[in-house]
Structure formats: structure tokens, C-alpha cells
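I opened my notebook beside the model and wrote down, entry by entry, what I looked up.

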Amino acid sequence: MLRSTANRLIRQSFQIYQAARFSSTDQPRVFSTGEASLVEVLKQKFPKAKYIEVQDISGGCGAMYEIYVETPDFKGLNTIKQHRLVTEALKQQIKDMHGVRIHTKLPRDDE
């Protein structure tokens, strides 16, 4: 029951985030160099990913990032193991960060 509640909350968080992201402006979002670099590393590590988003939440200095990854590669893994895969992929980049927030999700079968 706890796992299904957590999964529901994660899905709702993604939906709220996506709604805010796409309804706030008609202009495409411009990624910083740091964001683009992290996205490329994650795309290489998770080529089957349905969704990857990286946001610099430090005000633009690159000290803290929020990362969203949705990929079938997470099938059968608990949240801790999913986050470990992401942190392992970004091992070199994380050394220079103050902090990182990671959100992972397994795609639904109907997507």
C-alpha cells in the first residue's frame, strides 16, 4: 500500500510539473550549459528514457540541480536503486555540485 501511494504521488508530481512547465510560457525553455551537459550524460546512460529533464535550481550558478528521469530501465528496481543509477551516471558532475534532487519514474505500460 505504501509503494502504491508513493507511486501515485510521484505520478501526480510529474503531471503537476509538466502542466506548469508547458502552460507557463509559449516560448521553448533555454537550457544552461550545465543542464544540457547533464541531459546528454543521462541520455547516454538511459537511451530508452521516455523523459529526461534537468533544472538548475541554484539560481543559475550550477550548484544545485533537480533531475527527472522516466525510463523502463528502472523496471524491478526500488527507488533507492533507481537513484543510485542516476547518481552513478553523474558521478563526475556531482562532485562539483552542492546538491541534487532526483525524481525517477517507470513509464506506464500504456504510454
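**Entry on a helix.** I first looked up helix α2 and found that Glu35, Leu38, Val39, Val41 and Leu42 are buried in it, where buried means under 20% relative accessible area, exposed means over 50%, and partly exposed lies in between, with a 1.4 Å probe and protein chains only. Seen down the axis of α2, these buried residues fall within an arc of 165 degrees, so they line one face of the helix; the arc is that of the directions from the helix axis to the C-beta atoms. I noted the general rule that an α-helix has 3.6 residues a turn, so residues three or four places apart point the same way. On the other side of α2, I found Thr33 and Gln44 exposed.

I then asked myself what the buried residues of α2 pack against. They pack against β1, β2, α3 (79-89) and α4 (91-94), and contact here means heavy atoms within 4.5 Å.

**Entry on sources.** I reminded myself that this is a predicted model, in which local features need pLDDT of at least 70 and side-chain atom pairs count only at pLDDT 80 or more, while totals for chains, interfaces and linings use all residues. Residues are numbered from 1 along each chain as its sequence is written, and side-chain values use heavy atoms, with hydrogens and water left out.

**Entry on the whole protein.** I listed 4 helices and 3 strands, and from the N terminus on they run α-α-β-β-α-α-β. Helices (H or I, at least four residues) and strands (E, at least two) are DSSP runs, numbered from the N terminus. Of the 111 residues of the protein, 30% count as buried.

**Entry on the sheet.** In what order do the 3 strands stand in the sheet? They form an open sheet in the order β1-β2-β3, with mixed pairing, and two strands pair if DSSP finds at least two bridges between them. Because β1 and β3 stand at the edges, each with a single partner strand, one side of each is left without a neighbour in the sheet.

I next followed the pairing itself: β1 (residues 51-56) and β2 are antiparallel over 6 bridges, whereas β2 and β3 (residues 99-105) are parallel over 7 bridges. Tyr68 of β2 is the bridge partner of Glu53, and Tyr68 also stands opposite His103 in β3. Likewise, Ile67 of β2 stands opposite Val54 and has Ile102 in β3 as a bridge partner.

**Entry on burial in the strands.** I found 6 of the 6 residues of β1 buried, so this strand is largely enclosed by the rest of the structure. Tyr51, Glu53 and Gln55 point one way from β1, while Ile52, Val54 and Asp56 point the other way.
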